[in-house]
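The sequence and structure come first.

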Amino acid sequence: MMTSVDTDLLRVLADPLRLRIVTLLAGETLCTTHLVEETGARQTNLSNHLRVLREAGVVETEPCGRFTYYRLRPDVIEALAGRFADLASTARLTAEANVRRSCP
């Protein structure tokens, strides 16, 4: 069953730029400068999106001198993927059993 936390996380990941950031961070830990180069987004816009991802628990930060590096938290993504896997499994079983509610 999807929770309100899952719904909030889906809203966070539904933004195309945030999804792009998450995809990039899946491959390596990057700083804001790298993410600006990769996405073409303006630094202020990117920082706002990174703040949203950080507050949602999707990414974590690591200060390094005057730079901040961002790393994806795979456990958060795995938990959400697990919820979708559970939904798919339930739907498969429902379809196989031909479960349907009768009309009044």
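## Basis and terms

Two strands pair if DSSP finds at least two bridges between them. Helices (H or I, at least four residues) and strands (E, at least two) are DSSP runs, numbered from the N terminus.

The model is predicted: local features need pLDDT of at least 70, side-chain atom pairs count only at pLDDT 80 or more, and totals for chains, interfaces and linings use all residues. Residues are numbered from 1 along each chain as its sequence is written, and side-chain values use heavy atoms, with hydrogens and water left out.

## Overall form

The chain has five helices and three strands, in the order α-α-β-α-α-β-β-α from the N terminus. Its C-alpha trace spans about 65 × 25 × 20 Å along the principal axes. The radius of gyration is 18 Å, whereas a compact globule of 104 residues would have one near 13 Å; this radius is taken over C-alpha atoms, and the globule rule is 2.2 Å times the number of residues to the power 0.38.

Of the 104 residues, 25% count as buried. Buried means under 20% relative accessible area, exposed over 50%, and partly exposed in between (1.4 Å probe, protein chains only).

## Strands

Strand β3 (residues 67–72) pairs with strand β1 (residues 30–31) in the antiparallel sense, over two bridges. The bridge partner of L30 in β3 is Y70.

Strand β2 (residues 59–64) also runs antiparallel to β3, and six bridges join them. Here E60 stands opposite R71. The hairpin of β2 and β3 has two residues between the strands, and G65 takes a positive phi near 65° in this hairpin.

## Helices

T33 lies in helix α3 (residues 32–39). With a relative accessible area of 38%, T33 is partly exposed. From T33 to Q43 the C-alpha distance is 7.8 Å, at a separation of 10 residues in sequence.

Helix α5 (residues 74–97) has 24 residues and reaches 34 Å from its first C-alpha to its last, close to the 34 Å expected at 1.5 Å a residue. That expected span is 1.5 Å times one less than the number of residues. Just after α5, N98 takes a positive phi of about 55°.

## Cysteines

A search of the whole structure finds zero disulfides, a disulfide being a pair of cysteine sulfur atoms within 2.5 Å. For C31, the closest cysteine sulfur is in C64, 8.9 Å away and too far for a bond. C31 is buried, at a relative accessible area of 4%, whereas C103 is exposed, at 72%.
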